[in-house]
Number of protein chains: 2
Amino acid sequence: MTIDFKQDILAPVATEFAAMDKLINEGISSKVALVMAVSKHVVEAGGKRMRPIMCLLAARACGETDLDQAQKLAAIIEMLHTATLVHDDVVDESGLRRGKPTANATWNNQTAVLVGDFLISRAFDLLVDLNNMVLLKDFSTGTCEIAEGEVLQLQAQHQPDTDEATYLSIIHGKTSRLFELATEGAAILAGKEQYREPLRLFAGHFGNAFQIIDDILDYTSDAETLGKNIGDDLMEGKPTLPLISALQNTTGEDHDIIRRSIATGGVSELDRVIQIVQNSGALDYCRQRATEETETALKALFQLPESEYRHALYNLAQMALHRIQ
Amino acid sequence: MTIDFKQDILAPVATEFAAMDKLINEGISSKVALVMAVSKHVVEAGGKRMRPIMCLLAARACGETDLDQAQKLAAIIEMLHTATLVHDDVVDESGLRRGKPTANATWNNQTAVLVGDFLISRAFDLLVDLNNMVLLKDFSTGTCEIAEGEVLQLQAQHQPDTDEATYLSIIHGKTSRLFELATEGAAILAGKEQYREPLRLFAGHFGNAFQIIDDILDYTSDAETLGKNIGDDLMEGKPTLPLISALQNTTGEDHDIIRRSIATGGVSELDRVIQIVQNSGALDYCRQRATEETETALKALFQLPESEYRHALYNLAQMALHRIQ
């Protein structure tokens, strides 16, 4: 069965999603025209809004009835996500994201850095309005960990000795932590203490799987379907799991080529690296790890009562996994 | 009388200041080595720590006795300030700050952007620990306004039609707002509702004076004494008050030269611009405005009971004004 995003994931919270979208547009309003223009540009260039949808589904799966609060939280999550994307594009010097010009490319680095700062601050401002100290602490600690994960990724760049544990710390910070905030935050707001840990575990392991899958696709996808180019990570000398695993599985010249590619970055040996990654069994290992992470995620999810919302979260995890099958 | 910073401003809160300094170092600790290294670098490259000293003096002037809380707030203020400096240096492509290499120059833009994000998040994390919703709301709104002020400054760059009202909005956001948070925040923490508004007014108008003075010095100072080079603002086409006022006071060729200099930036006509600014009476007007802002600030300050702490804040305002006399 092919999972359809709109039908099988979004549909149960379509009404809340539309309300959330309006809240984002209100949230980014500013008396400074340039702040508005850039925020609007980056929010509209957004993707499927997977994180706020997870937040809304988690809230509903908890039995949350104060949907107004949950919608605000979902909007905050998307604003935080957008802020990190804006800064990431400055960091990566990206000109395009999902085929559209980035903020730094459309305006400049200066504008992108400062509007990113505005979006972080505005997200916190809206969060304070939710008037929940437990939620605030979760988010303030979480956003520190997200920033630390991003810096850890920078620190690991061009380091062929990066191990799987460090890789997991990186992806937890840069990807999974916001997923955790989206779902655990919904449980906190709903006052459902018993669902906090299951939802955090679901989102954390799903996030790990999602990022591992993304890193696999950097060595297998074709540009057309993804908006991400094959070899992007290699270009930047990022020691992602396919390369870490390939180093484990190889010796001699193959091993040296991978090490050198991480150390120097660039794609002059891309074809050879792809060949080594594929032949070494590294991709099989990555697929296995993504499947394991998904299974752990789903095990945690099943601690919540059955509902169409829980099922939509299940579908989301399955759909992510289908990308590498 | 010459005011001595250490003796006449810092001395009454020297003990609290030392404790606050330790808190900053604890605050920037991170398990990610690169986060620690960069944070330490930028915090140590800090200046006089005027903002946290204002916070401590304001707390004491309110009669605050829970100094532990006030010290934490002062540390948070300095961390927020440091974060904005790190991002400002990326924005301005600065290589040096106070004669020391900036984070973006020592590492790179990427690292500076992300460590700045970490410092903002950590500051909020420590703020949440103070467990005061009124304070949190003041800071979350305030940091939005700071970011908006920074973007407004970017928007006004190269715009010769920028008026004094817009200039005041810019400097309120980029400078005065954090001063307000430092002092009004101290009153909120101290539970002294009646001193919130006087301290906010004092800090806001002092901040305006401080920034106007800084902008005057860009056309009168010599590089040796300030770490700021004459003509820096002109280089970037920033329509600061000396230029806005010069445009008001000139016609014909002089007027055209100033307009063109703002529009294009650069310092090819620096000598001529300085001459026009000085001859047009613009600097006199700026000095008058700085004096007025200081007077308004002090009038608000005198609503607090007399104390050595209030007197130290008075000295601070006087010392700032002395820079242009």
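User: Is A:F202 buried or exposed?
Analyst: In this predicted model, where local features need pLDDT of at least 70, side-chain atom pairs count only at pLDDT 80 or more and totals for chains, interfaces and linings use all residues, A:F202 is buried, with a relative accessible area of 0% (buried means under 20% relative accessible area, exposed over 50%, partly exposed in between, with a 1.4 Å probe and protein chains only). Residues are numbered from 1 along each chain as its sequence is written, chains are lettered from A and ligands numbered from 1 in the order in which they are written, and side-chain values use heavy atoms, leaving out hydrogens and water.

User: How many aromatic pairs are there over all chains?
Analyst: The whole structure holds 11, where rings of Phe, Tyr and Trp (its six-membered ring) pair if their centres lie within 6.5 Å, and planes under 30 degrees apart count as stacked, over 60 as edge-to-face and the rest as tilted. One of them is the stacked pair of A:F202 and A:F206, at 6.0 Å centre to centre with 10° between the planes.

User: Where do A:F202 and A:F206 sit in chain A?
Analyst: Both belong to helix α10 (residues 193–217), where being 4 residues apart separates them by about one helical turn; helices here are DSSP runs of H or I with at least four residues, numbered from the N terminus.

User: Which residues form the aromatic cluster?
Analyst: A:F179, A:F202, A:F206 and A:F210 form one cluster.

User: Changing topic, what lies over the face of A:F5?
Analyst: A:K48 does, at 5.0 Å from the ring centre, the criterion being NZ of Lys or CZ of Arg within 6 Å of the ring centre and within 35 degrees of the ring normal.

Notes. Helices (H or I, at least four residues) and strands (E, at least two) are DSSP runs, numbered from the N terminus.
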